[in-house]
Amino acid sequence: GSGILSIVALLYGARQAYAADVDPLAFSSTQSNAAVNGITPQQLQVQVGSLPEVIAMAHKAEAIPVEGIVCNILSEIIVGLIIPRLSELAGPNTWGILSGILTSKAPWVEEHLVAYGWEVTGTTHKDEWCAMTIRLAA
């Protein structure tokens, strides 16, 4: 909701980021946080929406495959809306970080990733939450 993942990616060297959130307040917050951090609208393209809008922005910029994918959202959204279309952004070297996953739901998320041709390369835990690093399976 704050655009923090995209902003941090840009601050750490990414050249371009595409972000979306279904909440219009998150859209405004992302734009404000980007400006505070010296990120231009050309570097961080933001739209109200979800993964279809990100895919459309990346297609329009001829930026597919993307190098990395970051997502911090609940497991149900990751499994139901994100994983089925994730490969539309990816190439053989694309990496991803999925966070906002309850540790108890991590096996369920991994099962869906594998079904769509992804593999979990690492998992980090903090309290009842976890983050997964992923890539396309070889």
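**Sheet, cores and loops of the predicted model**

Apart from residues within four places of it in sequence, Ser 75 is in contact with Gly 100, Ile 101, Leu 102, Lys 105, Trp 108 and Val 109. The model described here is a predicted one. Ser 75 belongs to helix H4, which covers residues 75–86. With a relative accessibility of 2%, Ser 75 counts as buried. One of its contacts, Val 109, was examined from its own side as well. With neighbours up to four places away in sequence left aside, Val 109 is in contact with Ser 75, Ile 78, Val 79, Ile 83, Ile 101 and Met 132.

The strands were considered next. An open sheet is formed by 4 strands, which follow the order E3-E4-E6-E5 with mixed pairing. Strand E3 (68–72) and strand E5 (118–126) stand at the edges; each has a single partner strand, so one side of each is left without a neighbour in the sheet. On average, and with direction ignored, neighbouring strands of this sheet are turned by 20° against each other. The pairing of E3 with strand E4 (residues 95–102) is parallel and runs over 5 bridges. Asn 72 is placed opposite Ser 99 of E4. Helix H5 (residues 106–115) packs on the sheet, where it touches E4, E5 and strand E6 (129–136). The direction of H5 makes about 10° with that of E6.

In soluble globular proteins, nonpolar side chains tend to be buried together. In this model the largest nonpolar core has 26 residues, and those with the most contacts inside it are Leu 89, Ile 101, Val 109, Leu 113, Met 132 and Ile 134. At least two residues of this core are supplied by each of helix H3 (51–60), E3, H4, E4, H5, E5 and E6. There is also a second, separate core of 8 residues, among them Ile 7, Ala 17, Ile 39 and Val 46.

A further buried position is found in a loop. Thr 94 is located in the loop between H4 and E4, and its relative accessible area of 2% makes it buried. Two backbone atoms are reached by the side chain of Thr 94: the oxygen of Val 66 at 2.6 Å and the nitrogen of Gly 91 at 2.8 Å. When residues up to four places away in sequence are not counted, Thr 94 touches Pro 65, Val 66, Glu 67, Gly 68, Ile 69, Leu 89, Trp 118, Ile 134, Arg 135 and Leu 136. Of these residues, Leu 89 and Ile 134 are listed among those with the most contacts inside the largest nonpolar core.

Pro 65, touched by Thr 94, is placed in the loop between H3 and E3. The peptide bond that leads from Ile 64 to Pro 65 is cis, and its omega is near 10°. Glu 62 has its place in the loop between H3 and E3 as well. Although Glu 62 is not a glycine, its phi is positive, at about 55°. Glu 62 is exposed, with a relative accessible area of 73%. A positive phi, near 55°, is also found at Asp 127, a residue other than glycine. Asp 127 lies in the loop between E5 and E6 and is exposed, with a relative accessible area of 67%.

A disulfide is a covalent bond between the sulfur atoms of two cysteines. With the criterion that the two sulfur atoms lie within 2.5 Å, the count for the model is 0 disulfides. Cys 71 takes part in no disulfide, and the nearest cysteine sulfur, belonging to Cys 130, is 12 Å away. Seen from Cys 130, the closest cysteine sulfur is that of Cys 71, and the 12 Å between them is too far for a bond.

Leu 25 lies in helix H2, which covers residues 24–36, and counts as exposed at 65% relative accessibility. Leu 25 and Ser 2 are separated by 23 residues in sequence, while the distance between their C-alpha atoms is 8.9 Å.

Note on methods
Residues are numbered from 1 along each chain as its sequence is written. This is a predicted model: local features need pLDDT of at least 70, side-chain atom pairs count only at pLDDT 80 or more; totals for chains, interfaces and linings use all residues. Side-chain values use heavy atoms; hydrogens and water are left out. Buried means under 20% relative accessible area, exposed over 50%, partly exposed in between (1.4 Å probe, protein chains only). Contact means heavy atoms within 4.5 Å. Two strands pair if DSSP finds at least two bridges between them. Axes are lines fitted to C-alpha atoms, for helices over the stretch in contact, and angles run from 0 to 180 degrees between N-to-C directions. A polar contact is a pair of N or O atoms within 3.5 Å; within protein, one must be able to donate a hydrogen and the other to accept it, and residues adjacent in sequence count only if both atoms are side-chain atoms. A nonpolar core is a set of buried Ala, Val, Leu, Ile, Met, Phe, Trp, Tyr and Cys residues joined through side-chain atoms within 4.5 Å.
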